[in-house]
Amino acid sequence: MARSQYQNGCLFVRGKRRKVWVARWREDVILANGSASRVMRSVVLGPVSEIAGRREARRLLDTHLNPVNQGQYRPEATMLFSKFISDCFEPGVLPTLKFATREIYSFLLRKHLTPRFGDHRLCDISRPEIQQYLLEKLKQGFAWETTNHLRNLMSKVLRTAVSWNYLADNVVRGVNLPERTLKRPHQFLNFDEVRRLISACKEPTRTIVLLATMTGLRIGEILALRWGRINFIQKSLMVAETCYMGQFGTPKTRASRREIPLSPTVMVALEDHHSRSSRRAPEALVFATRFGGPLVSNNLGRRGLKSACRRAGLPKLTWHALRHTHGTLLHAQGTPLKVAQAQLGHSHMATTLEVYTHASANAQREAVSLLDGQLFPNVPNNEVRSSNAAELVSPTN
């Protein structure tokens, strides 16, 4: 809490060649050890040539003093950003987050934010400085998503400092990024490519690829799947757990907890996999190591998925590309957006529409051909008579 105080501050002129008005007053601050102290603040109000006398300088000083004298000022921390991270944020906030989030946040703090802002006092970090930092990251070639992660993490750190009374305001609010751009286009497969990939896979990669393509499950959700959550009678499975780097946790969002219907082809593949499995207890993992532990997605992708892509004559794919494939194929066959959202487990329909539904070249060509047939039904559908179509749509003189 700020101390009850009222002060007039002081004004004086400094400089010989370029004289400026300087204002001073006292403010409360929070020291690194958490105790309160009072320090002298000094601000240059402007050149004497541009400020019309002491009365105008006094008015400018009052704009700084009013929040302090009216009790609206909250003392700010002089603690360094690096010390707040090591002493407060890492032991007090990171343990409350999911394992995957902790890993990502720890990496971003260690490699990016702490090297840049570590020697800054919390109260000295400004909104323009953060804005410029993020724009520099984009210019250096960082993906929009990575830069946005940095902004969100910085906001969470400073929001924590505000809630713990180390800061009066979270300066990341109001920091904006340019319109989202993709560093590289999302990968997805068409129907023929899916068949080629599945044919080129070996077990258990084949069943995992089939399950990912036909259900849209995240790879972490597949690796955490247990036999007890597959209903062979109702032909469905329940998503209730996820796995990242061998660590189990809850699904990504509330919408990610969902029941997924299984097609006949997927059911046959799972039944065959069940018959081959040595561990069939309800709590046993569907896809496990020989010791019964969870598989690691990176190793499985490198040894299984990418090898299958090479044999199928396809570019290297990630597990997430199969999720994009599922969303795109649902969209291509006219599946209602709300159904696709439930299938993919998205909290917001905009994510389903903007990120996971992509228009293939064939679908676009078919749409244009259908429109052409409806508008100009008498024009033969061949390239030899294409000049006739041009005449029909050309303006008359």
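Q: What makes the place of His112 a helix position?
A: His112 is found in helix H3. Helices here are DSSP runs (H or I, at least four residues), strands are E runs of at least two, and both are numbered from the N terminus. The model is predicted: local features need pLDDT of at least 70, side-chain atom pairs count only at pLDDT 80 or more, and totals for chains, interfaces and linings use all residues. Residues are numbered from 1 along each chain as its sequence is written, and side-chain values use heavy atoms, with hydrogens and water left out.

Q: Why is His112 called buried?
A: Its relative accessible area is 12%. Buried means under 20%, exposed over 50%, partly exposed in between (1.4 Å probe, protein chains only). So His112 counts as buried.

Q: Which residues is His112 in contact with, leaving aside its neighbours within four places in sequence?
A: Phe107, Tyr133, Lys137, Phe142 and Leu150. Contact means heavy atoms within 4.5 Å.

Q: What is buried in helix H2?
A: In H2 (residues 81-92), the buried residues are Phe81, Phe84, Ile85, Cys88 and Phe89.

Q: Why are they said to lie on the same side of H2?
A: They cover an arc of only 130 degrees around the axis, so they share one side of H2. The arc is that of the directions from the helix axis to the C-beta atoms. Their cover includes helix H3 (99-117) and helix H5 (144-163).

Q: Which members of the largest nonpolar core touch the most other members?
A: Leu197, Leu211 and Leu237, out of 43 residues. Such a core is a set of buried Ala, Val, Leu, Ile, Met, Phe, Trp, Tyr and Cys residues joined through side-chain atoms within 4.5 Å.
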